[in-house]
Amino acid sequence: MSKALTSFALVAVLTALLMALSLAVARHGYPYGAIGVRRLDGIADASTFIPLAAVYFFSALLMMILPIRAASIVLTNAADAVFWTVIVLFAAILGCLVARWAFGQRDVLWAVLNWRFLFAAAIIGCHFVMNELRRNVLLRSLFFVVFAAATLACLFWSFTL
């Protein structure tokens, strides 16, 4: 947990510094600043979490039914990678928003209230309780169905509001 928080904070600070640099350069009239802002804004989209959630929930589904050795391979090579991707992506989004807020765009922090960030919270929450889910046979069976439904929802439901 502390490693995830430390990584989150470091990526958020580094992204905020890069966005602040790009905004400062753009404010002085250089076109390179706008390019940097566009590139950082390109990754700052909450809808990116939906396909990541589908991949994570599918790997979690596999971890519920596979034997321990195969489940550990899925955990270390798929679920952990998606988890750290979500941490980095969410930190980058938050860093971009904080830098924009610091440069006078006060209404930009309302973007944090986007409901699609719930997918990131679901991935992070599931990752932290995955050990407990694997230990209990009843929970494993129940969450097999939950993860199957979540995977199919992330893949095929439109999520338009």
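Is F8 buried or exposed? F8 is buried because its relative accessible area is 18%, and buried means under 20% relative accessible area, exposed over 50%, partly exposed in between (1.4 Å probe, protein chains only).

**Ground rules**

I am working on a predicted model, where local features need pLDDT of at least 70, side-chain atom pairs count only at pLDDT 80 or more, and totals for chains, interfaces and linings use all residues. I number residues from 1 along each chain as its sequence is written, and side-chain values use heavy atoms, with hydrogens and water left out.

**Confidence**

I checked pLDDT, the predictor's confidence in each residue, from 0 to 100. The chain averages 91. I note that 99% of the residues score at least 70. Among the elements of the chain, α3 has the highest mean pLDDT, 94. The lowest mean, 88, belongs to α2.

**Overall layout**

I find six helices and zero strands in the chain. Helices (H or I, at least four residues) and strands (E, at least two) are DSSP runs, numbered from the N terminus. The pattern along the sequence reads α-α-α-α-α-α. I get a C-alpha trace spanning about 60 × 35 × 20 Å along its principal axes. The chain has 161 residues, of which 35% count as buried.

I then looked at contacts, meaning heavy atoms within 4.5 Å. Of the contacts with a separation of 6 or more, 75% are between residues 24 or more positions apart.

**The cores**

I asked which residues have the most contacts inside the largest nonpolar core. They are F49, Y56, F57, V86, M130 and F147, in a core of 39 residues. Each of α1 (2-27), α3 (49-65), α4 (68-102), α5 (117-135) and α6 (137-156) supplies at least two residues of this core. Apart from this core lies another, of seven residues, including A16, M19, V37 and A99. By nonpolar core I mean a set of buried Ala, Val, Leu, Ile, Met, Phe, Trp, Tyr and Cys residues joined through side-chain atoms within 4.5 Å. In soluble globular proteins, nonpolar side chains tend to be buried together.

Neighbours within four places in sequence aside, F147 is in contact with F57, A60, L61, M64, C126, M130 and L133.

**α1 against α2**

How do the axes of α1 and α2 cross, and within what distance do they come? I find that the axes of α1 and α2 (residues 31-43) come within 7 Å and cross at roughly 145 degrees. Axes are lines fitted to C-alpha atoms, for helices over the stretch in contact, and angles run from 0 to 180 degrees between N-to-C directions. The crossing is left-handed: the near helix is turned anticlockwise from the far one by less than a right angle, with clockwise being right-handed.

From α1, the contact is made by T15, L18, M19, S22, L23, V25 and A26. From α2, it is made by Y32, G33, A34, G36, V37, L40 and D41. I sort these residues into nine nonpolar, four polar and one charged. Ala, Val, Leu, Ile, Met, Phe, Trp, Tyr, Cys and Pro count as nonpolar, Asp, Glu, Lys and Arg as charged, and the others, Gly among them, as polar.

S22 of α1 got a closer look. S22 counts as buried, because its relative accessibility is 12%. Leaving out residues up to four places away in sequence, S22 touches G33, G36, V37 and L40.

**Single residues**

I returned to F8, in helix α1. Beyond neighbours within four places in sequence, F8 is in contact with I87, F90, A91 and L94. I87 came up again at I124, a residue of helix α5. With neighbours within four places in sequence left aside, I124 is in contact with F83, V86 and I87.

I93 sits in helix α4. I93 counts as buried because its relative accessibility is 4%. Neighbours within four places in sequence excluded, the contacts of I93 are I43, A44, D45, A46, F49 and F117.

Is W110 buried or exposed? I located W110 in the loop between α4 and α5. W110 counts as exposed because its relative accessibility is 63%. The C-alpha atoms of W110 and A9 are separated by 20 Å, with the two residues 101 apart along the chain.
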